[in-house]
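Reader: I have a new structure to look at, and I would like to learn how to read it. Could you take me through some of its features?

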Amino acid sequence: MLDKAGQGPVVVVGGGIGGLAAALALARKGLRVQLLEQADAFSEVGAGIQLGPNVFRMFEVLGLTEAVSQFAVFPENLIMLDAISGDEVTRIPLGAGFRAKFTYPYALIYRPDLLNVLLEACRKVDLIQLDTAQKVVGVDEQSDGVTVRTQGGRSYAGSALIGADGLWSTIRQIVVGDGKPQVAGHVTYRAVLPTTEVPEPLRRWSMTFWAGEKVHLVIYPLRGGELYNLVAVFHSNRYEEGWDSFGDPTELNERFAKTCEPVRTLLGKIESWRMWVLCDRPPIKQWSRGRITLLGDAAHPMLQYLAQGACMAIEDAVCLANTIEDMHGDFAAAFQAYQQARYLRTGRVQIMARVYGEFYHASGVARELRNMMLGARTPEQSYEAMEWLYGEDMSPTGYGRVFQRAGAR
C-alpha cells in the first residue's frame, strides 16, 4: 500500500471512463484520490462502445469483469459488408477460436452502463472523493505537490495531478500547449434504436458494418438485445469543431444515397441523430511534466476506427497505477516511466485508426482490392492480424508484461 501519512491525494481531472478507471486503479494501490468533474453529474451520451480482449485484461485487474459482463452483449461475429453492393466481404467469428487465441472475449456495451460500473466501483472505495461541478481553470506546481484551482473559486491540493479531461483537455495545454486538436474531415452520427424498429433480417447478434465510398454504417445490439446502436460516418468539411449536437438528416441521406437498400432502410428509421465532428492529434512522446501527467484522450486522442479510445484510457489507468507502485510513490519518475511504457502502443493505435478510416471508406480500385484481400482471409489469418492489438504481449516492445504482472496477483 502506497498511502503515506501527510501526503495529499492524487487529483484526477475528468470524470469520464478514463478518469474513473484511473481513480479506481490508484485506490487499489492504496492511494487517496480526489476526482474533479466539470459537469453537474457523472454522465455519458447514450451510445455503444466496443470492448476488445485487451480491455478485459484490465477489467480483471480492476475487479470489474463480472459487473461489466452483466451489461455487455457478446456478439457472435464481426461482419463487414460492402455498402454499395450489399455483399458480405468478411466474417470474423468471435466464439471458441477467438477466445482460444486471445483468452478474453469481444463485447459491446452501452456507454452509460460502462460509466456507471466504474462510478459505482469508485463510490464503494473510501479512498476516492468524487466532486462534480468543478471546472479547472488553473494549476500551481510546487516541488512537493500541485494545487488545482476551479472556476468556482475552490482550490484542491494534491501530491500529483492526472489530466483525464478528454480531447479538449485543459491540463494538456498546461503540459503540452499544442492548441486545438486536428479536424479529420469526417463526421459521425449516432443513434440508438429500439430493437422492434430494426427490420428482422438485420437483427444480427453481431457487430456489423457496411463499408462504402467515403461513408460507413455500423449496427450492433446493446442491453441484451433491447436496443441497437447505429453509427453513420461520412466525409464532410462543413464542420470545423464541436461535438454532441443535433445532425442534419438531409446531408446524411445525401452522403449515403448510393448505398444499398439495407443501409438506407436503417438510416430512414432514425428521426433524430446526435452528431460529432471527428478529431484527433498526432502521436507525441512526452505528455508528463514533473508531478503532472495525462491519460486517455487528453494524452493520445484517436479516431474511432479501431474502437479503442475507451480501451486505451483504461489500459493507461492500470499501467499508471503500476508504475507509481514500482517507483514507490515517486510521481515524477513514475509519470516518465508510464509515458515511456505507453507512447508507442497508443501512437500505433492513433496512426492505425487513421489508416483503417481510409481503408473502410475506399473507392474505385482500392475498394475492390480491399474486398478481395479481406474476403480471402481465414478466421485464423484475421486473428493473426489482430495480435498486435489484442494479444497478451500487446506490442513489440513487450510492455504488455506490465499488465500480466498486475493480473497475476
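Reader: Let me start with phenylalanine 102: is it buried or exposed?

Author: This is a predicted model, so please keep that in mind throughout. Phenylalanine 102 counts as buried because its relative accessibility is 0%. Tyrosine 383, at 6% relative accessibility, counts as buried too.

Reader: How do I describe a pair of aromatic rings?

Author: The general idea is to give the distance of the centres and the angle of the planes. By the rule used here, the count comes to 17 aromatic pairs. Take the rings of phenylalanine 102 and tyrosine 383: their centres are 6.3 Å apart and their planes stand at 80°, so the pair is edge-to-face. This pair links distant parts of the chain, with phenylalanine 102 in helix H4 (residues 96-102) and tyrosine 383 in helix H12 (residues 379-390), 281 residues apart.

Reader: What about the rings of tyrosine 356 and phenylalanine 359: how far apart are their centres, and at what angle are their planes?

Author: For tyrosine 356 and phenylalanine 359, the centres are 6.4 Å apart and the planes make 55°, so this pair is tilted. Both residues belong to helix H10 (residues 331-360), and because they are 3 residues apart there, about one helical turn separates them. Tyrosine 356 has a relative accessible area of 25%, so it is partly exposed. Phenylalanine 359 is partly exposed as well, at 24%.

Reader: Which residues do ring pairs link into a cluster?

Author: The cluster consists of Phe98, Phe102, Tyr106, Tyr383 and Tyr390. A ring can also have a charge over it: the charged end of arginine 190 sits over the ring of tryptophan 276, 5.3 Å from the ring centre.

Reader: Now for the strands. How do the strands of a sheet pair?

Author: They pair through backbone hydrogen bonds, in either a parallel or an antiparallel sense. In this model, 6 strands form an open sheet with mixed pairing, in the order E7-E2-E1-E11-E19-E18. Its edge strands are E7 (128-131) and E18 (288-289), each of which pairs on one side only. Strand E2 (residues 33-36) and E7 are parallel, with 4 bridges between them. Within that pairing, leucine 35 stands opposite leucine 130 in E7.

Reader: Which helix packs on the sheet?

Author: Look for helix H1 (residues 17-27), which touches strand E1 (10-13), E2, E7 and E11. The direction of H1 makes about 175° with that of E2.

Reader: How are side chains arranged along a regular strand?

Author: They alternate between the two faces of the sheet.

Reader: Which strands does E13 pair with?

Author: One is strand E4 (residues 77-82), which runs parallel to E13 and is joined to it by 5 bridges. There, leucine 78 has methionine 207 as its bridge partner. Another is strand E14 (residues 215-222), antiparallel to E13 over 4 bridges. In that pairing, threonine 208 has isoleucine 219 as its bridge partner. The hairpin of E13 and E14 has 3 residues between the strands, and lysine 214 takes a positive phi near 65° in it.

Reader: Where else could I look for a positive phi?

Author: Alanine 307 has one of about 55°, although it is not a glycine. Find alanine 307 in the loop between strand E19 (292-294) and helix H9 (309-326). Histidine 328, also not a glycine, has a positive phi of about 55°, and lies in the loop between H9 and H10. Histidine 328 is exposed, because its relative accessible area is 61%.

Reader: And one more loop residue, please: where is serine 159?

Author: Serine 159 is in the loop between strand E10 (155-158) and strand E11 (160-163). At 4% relative accessibility, serine 159 counts as buried. The side chain of serine 159 reaches the backbone oxygen of glycine 8 at 2.9 Å. Leaving aside neighbours within four places in sequence, the contacts of serine 159 include Gln7, Pro9, Asp144, Arg291 and Phe331.

Terms used:
Residues are numbered from 1 along each chain as its sequence is written. This is a predicted model: local features need pLDDT of at least 70, side-chain atom pairs count only at pLDDT 80 or more; totals for chains, interfaces and linings use all residues. Side-chain values use heavy atoms; hydrogens and water are left out. Helices (H or I, at least four residues) and strands (E, at least two) are DSSP runs, numbered from the N terminus. Buried means under 20% relative accessible area, exposed over 50%, partly exposed in between (1.4 Å probe, protein chains only). A polar contact is a pair of N or O atoms within 3.5 Å; within protein, one must be able to donate a hydrogen and the other to accept it, and residues adjacent in sequence count only if both atoms are side-chain atoms. Contact means heavy atoms within 4.5 Å. Two strands pair if DSSP finds at least two bridges between them. Axes are lines fitted to C-alpha atoms, for helices over the stretch in contact, and angles run from 0 to 180 degrees between N-to-C directions. Rings of Phe, Tyr and Trp (its six-membered ring) pair if their centres lie within 6.5 Å; planes under 30 degrees apart count as stacked, over 60 as edge-to-face and the rest as tilted. A charge sits over a ring if NZ of Lys or CZ of Arg is within 6 Å of the ring centre and within 35 degrees of the ring normal.
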